[in-house]
2 protein chains.
Amino acid sequence: MPDAARPPTRRVTLEEVARVAGVSRATVSRVVNGVASVDQNIRQAVERAITTTGYQPNLAARSLVTRRANAVALVLPDGDDVLGDPFFGRVLTGVLGALSATSTHLVLVKIGPGGRERIVADLRGGRLDGAILVHTNHNDPLARQLTAARFPVVLWGRPPRPMPITHVDVNQATGCALAAGHLVALGRNRIATITGRLDTPAGEDRLTGFRSALASLGRELVSVEGAFTRESGRSAMHRLLAEHPDIDAVFIASDLMAHGALPVLRRHGRAVPADVAVVGFDDSSAAVHCDPPLTTVRQPVEDMAAELTRQLLRHINDPAAPRNTVIFEPTLVVRQSAPHGETSTSSVDVANGGLLDQSGG
Amino acid sequence: MPDAARPPTRRVTLEEVARVAGVSRATVSRVVNGVASVDQNIRQAVERAITTTGYQPNLAARSLVTRRANAVALVLPDGDDVLGDPFFGRVLTGVLGALSATSTHLVLVKIGPGGRERIVADLRGGRLDGAILVHTNHNDPLARQLTAARFPVVLWGRPPRPMPITHVDVNQATGCALAAGHLVALGRNRIATITGRLDTPAGEDRLTGFRSALASLGRELVSVEGAFTRESGRSAMHRLLAEHPDIDAVFIASDLMAHGALPVLRRHGRAVPADVAVVGFDDSSAAVHCDPPLTTVRQPVEDMAAELTRQLLRHINDPAAPRNTVIFEPTLVVRQSAPHGETSTSSVDVANGGLLDQSGG
DNA sequence: CGATCCGGTGAGAGCGCTCTCTCAAACCCT
DNA sequence: AGGGTTTGAGAGAGCGCTCTCACCGGATCG
């Protein structure tokens, strides 16, 4: 294109290109859409006509007949600083990466008042081909509603209650076992956890996973409930120290909460990791910028988001495609907040990345 | 709608609603689009028909004839962790807020390879009504290209070289004067700055603004160049302390850089604020979570993003609308890194929020 | 009382594209 | 050489909507 951004003075349509090239509309359409069965000479003539006219296909017209919007929504929960959470930046990066190979638009949606209806309208109205649901409220009817209507929709994390929906998740149990094994290997015995919101799958899974991993190692657990936010980490740590001043290790269900919790430990005169070892979850940027830097269970968020996006595209391209669950294996990233133990029997410090594909209902 | 998400089995069109209601397509269209001149009885009949049929307008068909996509792009620079910067979360929040009143989609775009061409194609192809450019590279031709083609486009921050384009910016001069005044009021004399990228408008304006504010207070300035990233703040502070070990105050051109710089000060044995007072810029979440919390120049990012969005919508609705510049006044948020001075002559600690509308170009 | 106006409705022409179906021409095989 | 197959292009019918324009009946006015 010699001047891609020329003023859109006169509108150029297929019709006109066809006239200039001396062929039919259908042939121009074939060239534009890369259909193979077009004679080389004619193809070149059409391409010349396209460049001289500065033709640009009208996407609305195309959508109308193909019934494809070439757009998917990334649906986020409502709430003020949802977008401030570094986690979403990683999700966005992964999704955009997977989409960049296609010409599919990413539409960002926060579920405000009337947001659900709007998404359904856009889906039904052909303005959206599918939706990626991330951390929508656990008892939000949206996921169920959309799958019931057989719209292409995928979910971040397992659904709160079992339902047939394609989703990706990190193997929470493995992650928790990694954390538990590491802390026990460090010789810690009075182990606590600050949980996420227990009405979310991740919050629940990380508590039960950590508890059972610890139990299998012969340790008990005290827990305090947080809410995945930085501030909730701070207040939970306050409560934890008040109720159980003798702890020597804490597993915190998200790095963001850990970021809020660490200063509390310091202010209470607990050295990290000498007095209290701390392990987080996510390996978000917050982990790196904690003081001390955080040992944490790494979720491959970008990879997971990219895979989730590919799954959505698969459902869009084949409405009959079976629903899948893709589980990613987490790894333990060891930093100063819970460094390697002297007893180097720890083969638990790094697990293999990888994924396990389970076909589901 | 009794069951908004019913399976889209049979496709319902205007035609069918018209048949059920016993009126013409045109009348149904009028009802759907809220045209006033429709008889009450007929309107009700049509509305009944709409609910019984479960009609949902096809947006592609509508777009085709109205030539409106009802979608705008938020264009971000390429780069891995652009989305990790808390700044973008605030921008997103502001933009989504302004858009939520309309049915306009927000399409998120990162300028990767071929990204520019894609945006132009989407704009010309009627898939996008306009674009919001945020921190696209300073010598990116996109802004110029799009304005030249008369596409609705708005810019975050002033353009690198003067050009007629609607944009919002914070009053960098005022912000710098606030910071300079505060530090001088604290009795600091050996004042330094860590700049942003000097090839960006914000980087340049904050350096010159701070220098001239300081000059007018009879102080000199030493500067080290950073790049607005956390890491660049860290290394710049290293260089600064190596070259000018006697400084007693630093103005850092972004909170993110300050977040990287503060630990360096600590490691070099400089107490903040006792030995070195620090003032940042942005009032991002990083400022709050610095240790000590950061005194900083607050940009009303969400408000600015919302205004920028409204400006874009204005241009979309009226292609002949004049181009505007909206300047927001920053305020100084005083926290521990540069607390209030004992000499409480400081009337500089808080400035009025507000905005100044200059018609331009 | 006829001309005028006006609110309210319907008919119909597109918007720009894709895609099936048709058909002509070229090619192959016995 | 003739019939069948393949290749490639064109004609034309929509996709579902908006919007202009014509029309019609009733109210208004000279």
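**A walk through the model**

Modeller: Let's start in strand 9 of chain B, where B:Asp282 sits. Keep in mind that this is a predicted model.

Biologist: Let me try another one. What about phi of B:Arg67?

Modeller: Phi of B:Arg67 is positive too, near 60°, and B:Arg67 is a residue other than glycine. B:Arg67 is found in the loop between helix 4 and strand 1 (71-76) of chain B. B:Arg67 counts as exposed because it has 11 C-beta neighbours inside 10 Å, and 12 or fewer makes a residue exposed.

Biologist: Changing topic: which peptide bond is cis in chain A, around A:Pro292?

Modeller: That would be the bond from A:Asp291 to A:Pro292, with omega near 0°. A:Pro292 belongs to the loop between helix 12 (285-288) and strand 10 (295-298) of chain A.

Biologist: What joins B:Val272 and B:Pro273?

Modeller: A cis peptide bond, with omega about 10°. Here B:Pro273 lies in the loop between helix 11 (255-267) and strand 9 (277-282) of chain B.

Biologist: Now the DNA. Which residues come nearest to DNA strand C?

Modeller: There are 26 residues around DNA strand C, and A:Leu14, A:Ser29, A:Ala61, B:Ser24 and B:Asp39 come nearest. The elements giving two or more residues to that surface are helix 2 (25-32) and helix 4 (59-66) of chain A, along with helix 2 (25-32) and helix 4 (59-66) of chain B.

Biologist: Which element gives the largest share near DNA strand C?

Modeller: Helix 4 of chain A, with 5 residues. By class, the surface near DNA strand C has 13 nonpolar, 8 polar and 5 charged residues.

Biologist: And how many residues surround DNA strand D?

Modeller: DNA strand D is surrounded by 26 residues, and the closest are A:Asp39, B:Leu14, B:Ser29, B:Asn58 and B:Ala61. Two or more residues of that surface come from each of helix 2 and helix 4 of chain A and helix 2 and helix 4 of chain B. The largest share near DNA strand D, 5 residues, is from helix 4 of chain B.

Biologist: On to the two protein chains. How many residues of chain A are in contact with chain B?

Modeller: On chain A, 44 residues are in contact with 44 residues of chain B. Helix 4, helix 5 (86-99), strand 2 (105-110), helix 6 (115-124) and helix 7 (142-148) of chain A each supply at least two residues to that side. The residues on the chain A side divide into 22 nonpolar, 15 polar and 7 charged.

Biologist: How many helices and strands does chain A have?

Modeller: Chain A has 13 helices and 13 strands. Its radius of gyration is 26 Å, well over the 21 Å that the globule rule gives for 361 residues, so chain A is more spread out than a compact globule. The C-alpha atoms of chain A fill a box of roughly 85 × 40 × 35 Å along the principal axes.

Biologist: What share of chain A counts as buried?

Modeller: Of its 361 residues, 52% count as buried.

Biologist: Which residues touch the most other members of the largest nonpolar core?

Modeller: That core has 103 residues, and A:Val75, A:Ala131, A:Ile132, B:Val75, B:Ala131 and B:Ile132 touch the most other members. Leaving aside neighbours within four places in sequence, the contacts of A:Ile132 include A:Val75, A:Val95, A:Val154 and A:Leu308.

How values were computed:
Residues numbered from 1 in each chain as written. Chains lettered and ligands numbered in written order. Predicted model: local features only at pLDDT ≥ 70, side-chain atom pairs only at ≥ 80, totals over all residues. Core = buried A, V, L, I, M, F, W, Y, C linked by C-beta atoms within 7 Å. Buried ≥ 20, exposed ≤ 12 C-beta atoms within 10 Å, placed from the backbone. Contact = placed C-beta atoms within 7 Å. Near = placed C-beta within 6 Å. Helix = DSSP H or I, 4+ residues; strand = E, 2+ residues; numbered from the N terminus. Nonpolar A, V, L, I, M, F, W, Y, C, P; charged D, E, K, R; others polar. Rg over C-alpha atoms; globule rule 2.2 N^0.38 Å.
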